[in-house]
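The stops below go from the whole chain to single side chains.

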Amino acid sequence: MSEEKINPNGQSDNAIIPLTGMYENYFLDYASYVILERAVPEIKDGLKPVQRRILHALKEMDDGRFHKVANAIGQTMQFHPHGDAAIGDALVNLGQKDLLIDTQGNWGDARTGDRAAAPRYIEARLTKFALEVMFNAQTTEWQFSYDGRKKEPISLPAKFPLLLAQGVEGIAVGLSTKIMPHNFIELIKASIKILQEKPFKVYPDFQSGGMVDVSDYNDGKRGGKIKVRAKIKLLDKNAIAITELPYGVTTTSMIDSILKANDKGKIKIKKVVDNTAKDVEVRIDLASGISPEVTIDALYAFTNCEVSISPNACVIVEEKPHFLTVSDILKVCTENTKELLRRELEIKKGEIEEKWHFASLEKIFIQNRIYREIEECETWEAVLKTIDTELKKYVSTPKDKAAKNDTRLRLNRDLTEDDIIRLTEIKIKRISKYNSFKADELIAKLEAELEQVKHNLANLTTFTITYYENLLTKYGKGKERKTEITTFDSIERTQVVANNAKLYVNKKDGFFGKSLKKEEFISDCSDIDDVIVFLKNGNFMVKRIADKVFAGKDIIHIDVWKKGDERTTYNMVYLDGKSGTTYVKRFNVKAITRDKEYPLTKGTPRSKILYFTANPNGESETVSIQLTQGCKAKKKIFEFDFADLTIKGRSSQGNILTKYPVRKITQLEIGKSTLGAQKIWMDEVSGRLNTESRGKFLGEFDTGDSILVIFKDGSYQMTDFELTNRFDIGDLMEISKYKNDSIISAVYYEGQKKWTMVKRFQIETSKLGQRFNFITEHRSSKLLFVSTKPSPRIHYIMKIKSQKVPGEINLNEVIDVKGWKALGNKLSEQRLTGIKEVISEIPDKLKVGDTIEFDIEDKKNGQGKLFGND
């Protein structure tokens, strides 16, 4: 029988190890390794281990010239125990962030997703910024590399919040991290505010530009969210272009998402072309008759033009993962910078004190010719003792008690044997050419430097602020914010999706859907729309559209339903089956549970709907009620106006119309909306219409009203007030509610004649959505001023013999109202500048007995009169 072998742990090699314990120990070891050594960055220098080792290897190689990336990867493998592919990818990622590494060659393009060339073809070196803020061997903590042959930094002495500047993303075991990149300049300014104990805020900023909504950023902590959008430019009525990308989206993935949305019918486009070169441009040609404004909203709703990102700021703090806020990380980085600067100052102070110490000893040793005293010494020990004895005649140390009449030079530290040995190593040539004046200058300079260092240590916060300000001056140029911070409107997908289907219905059998092409056509729709169905028995429901859906027999009304619709109002007359009473009601359907059947009557047997209409803008109507001939009512025909009813919820019983049997109900006339005019605003950031009091108030709109839009290119457009409308803010000159008697006053430069013209006209076109040019089409023609006020007065500047002469004029005194195609009257034979409206405090309309007060500023030559002859 063989002997049982015992391993170094005191256990038998044949002992059984439980699988549960093995799994627990091995899994925890592996998870800890991945978290600490691969995926999650260290808070102080903001680097993952592979990034830190790359930068350390590049620093060791640094000679000011570029190095092959293949060589840099090989050098890094001395410190990093993984393959060259992982190192190469991390190095390219660092290079593309354009902060720590200067690149040469084809490093790929993060905007298009193109990969970098092979490592043997591209080169890299550390930037001046990296050399200044990331390295200092004297303040670096070191450890042995994985094989014990080399030393590598535990963390680099980063004197900058690199973690927040570059951002990071990593997936470990059981946790992940995702920190957004932030703006270089804003981080430095925020660090200064931290040192000044002032409040601060920092928000993400991306190299790709775009727009970001940080309403739910939550300071970058877990649970927060940001929305990032592409910038989309309107080229013309048939084409748009994506000019800036959201963070993390490439032109390739963007185009794929657009084509996918088009294939599904969410948007309608002709083609997509990637014209990206120096700047991003993804051109999208639209299908005929498709609104570019609605398409832009649809792109945000259905493609990668808008992405939602959930930050998760997980970092390593003292070898443990912690979930922090961006503000916490910045505070730690700022305090770390302050501490590193303190250590550097302490080291510098020690170095200056050493230089002063030896310079002082050297001066005493040479000037007092102590070297002559050792000529008779026969042993080395005697030489050292003699010098020590002689020096003590001229210097004192901190151990010596200072007497009042002691004139000796006081040293900062004790005299050591190494100091004496250094004195014996001074060459005869130096002693013979020793210049006492220069020695005094050197010592004075060292003393001044020492005082400055001590001052900086005593005022460390101020010194740190100055350090940050110097970084901003040296490296801040070209690092301005690229991503626009704004607030996004929520886009209802059902409102912007392209109509890619048709709704059909078989009312008798109770079926509706997209595939019933032989049945009654209702309207165009999309495949994500909801459909509302009303049945004759007094019930209704909302169902998602499909190829064929059964809703119930005897359908009396069906349409596409929009959630939260407060305008569409249903007018209904129904018979209660139990009492025989006829009721009338008006109601909205704002919210429901899909596929659930709701009663509109009292729900009693034999109840049914006698009359039903759907009114998209809350219109009332007048109906004629004819009772049965056999009933006892004296008046068998009478009229009822729905305007007398209050609009209530769908579950309301309604008002009693009559207790007698109804034979027939006939509509006499459709009335006006009883909801009142709808107040509309235009968001001055996004250009979208809204009813939430956000932006410029356009007016109160009712059925038949429209919006007048005047563009900078000298054209106007009439459009409806649908909330899906969106306008390019940069292209607008004026936008307001259109009034039938509105007069447009315009001043423009006529490019062919090179005159400044003025014209006044009324809108004579009625077609909505079409743009009409009201100035000449010469390429140099330009609209300078426009107003819809009845009597606008403008201030302008005219050049006369190289002098700028101001003037003012009432436009209604220059020209009468003419047709919109008229050229107008000449205002000046040159191009006027500085045109702006003079705001008068006199109301447009005065009543008899009104009293007004105003000042008239009367300058020389009549210039500056606010109201002139008005």
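**Setting up**

This is a predicted model, in which local features need pLDDT of at least 70 and side-chain atom pairs count only at pLDDT 80 or more, while totals for chains, interfaces and linings use all residues. Residues are numbered from 1 along each chain as its sequence is written, and side-chain values use heavy atoms, with hydrogens and water left out.

**Whole chain**

Show the protein chain as a cartoon. It has 16 helices and 49 strands; helices (H or I, at least four residues) and strands (E, at least two) are DSSP runs, numbered from the N terminus. The radius of gyration is 41 Å, well over the 29 Å that the globule rule gives for 870 residues, so the chain is more spread out than a compact globule. That radius is taken over C-alpha atoms, and the globule rule is 2.2 Å times the number of residues to the power 0.38. Along the principal axes, the C-alpha atoms fill a box of roughly 150 × 115 × 60 Å. Of the 870 residues, 45% count as buried; buried means under 20% relative accessible area, exposed over 50%, and partly exposed in between, with a 1.4 Å probe and protein chains only.

**Strands**

Select β30, β27, β28 and β33. In that order they form an open sheet of 4 strands with antiparallel pairing, where two strands pair if DSSP finds at least two bridges between them. The edge strands, β30 (608-615) and β33 (655-658), each pair on one side only. From one strand to the next the twist averages 25°; the axes behind such angles are lines fitted to C-alpha atoms, for helices over the stretch in contact, and angles run from 0 to 180 degrees between N-to-C directions.

Zoom in on β27 (residues 569-575), which is joined to β30 by 7 bridges. Here M572 stands opposite F612 in β30.

Strand β45 (residues 793-800) runs antiparallel to strand β46 (residues 803-810), with 8 bridges between them. I797 has P806 in β46 as its bridge partner. The hairpin has 2 residues between the strands, and K801 takes a positive phi near 50° there.

**Aromatic rings**

Rings (for Trp, the six-membered one) pair if their centres lie within 6.5 Å; planes under 30 degrees apart count as stacked, over 60 as edge-to-face and the rest as tilted. By this rule there are 28 aromatic pairs. One of them, F129 with F184, is edge-to-face, at 5.5 Å centre to centre and 65° between the planes. F129 belongs to helix α5 (residues 128-133) and F184 to helix α7 (residues 184-195), 55 residues apart.

What lies over the face of F184? K479 does, at 5.3 Å from the ring centre. A charge sits over a ring if NZ of Lys or CZ of Arg is within 6 Å of the ring centre and within 35 degrees of the ring normal. For another case, select F66: the charged end of R125 sits over its ring, 4.1 Å from the centre.

**Charged pairs**

A salt bridge is a side-chain nitrogen of Lys or Arg within 4 Å of a carboxyl oxygen of Asp or Glu. The count comes to 40 salt bridges.

Select E152 and R53, whose side chains meet at 2.9 Å, N to O. E152 lies in strand β5 (residues 151-155) and R53 in helix α2 (residues 49-61), so the pair ties together parts that are 99 residues apart in sequence. E152 is buried at 4% relative accessible area, and R53 is buried at 9%.

Move on to R413 and E354, which form a salt bridge of 2.7 Å, N to O. R413 is in the loop between β18 (409-410) and α12 (417-424) and E354 is in helix α10 (residues 326-367), so this pair ties together parts 59 residues apart in sequence. R413 is partly exposed at 24%, as is E354 at 36%.

Two further selections: K393 with E390, closest N and O atoms 3.1 Å apart, and the salt-bridge network of E186, D205 and R481.

Finish with E197, a residue other than glycine with a positive phi near 60°. E197 sits in the loop between α7 and β8 (211-213) and is exposed at 74% relative accessibility. D595, also not a glycine, has a positive phi of about 75° and lies in the loop between β28 (582-587) and β29 (598-599).
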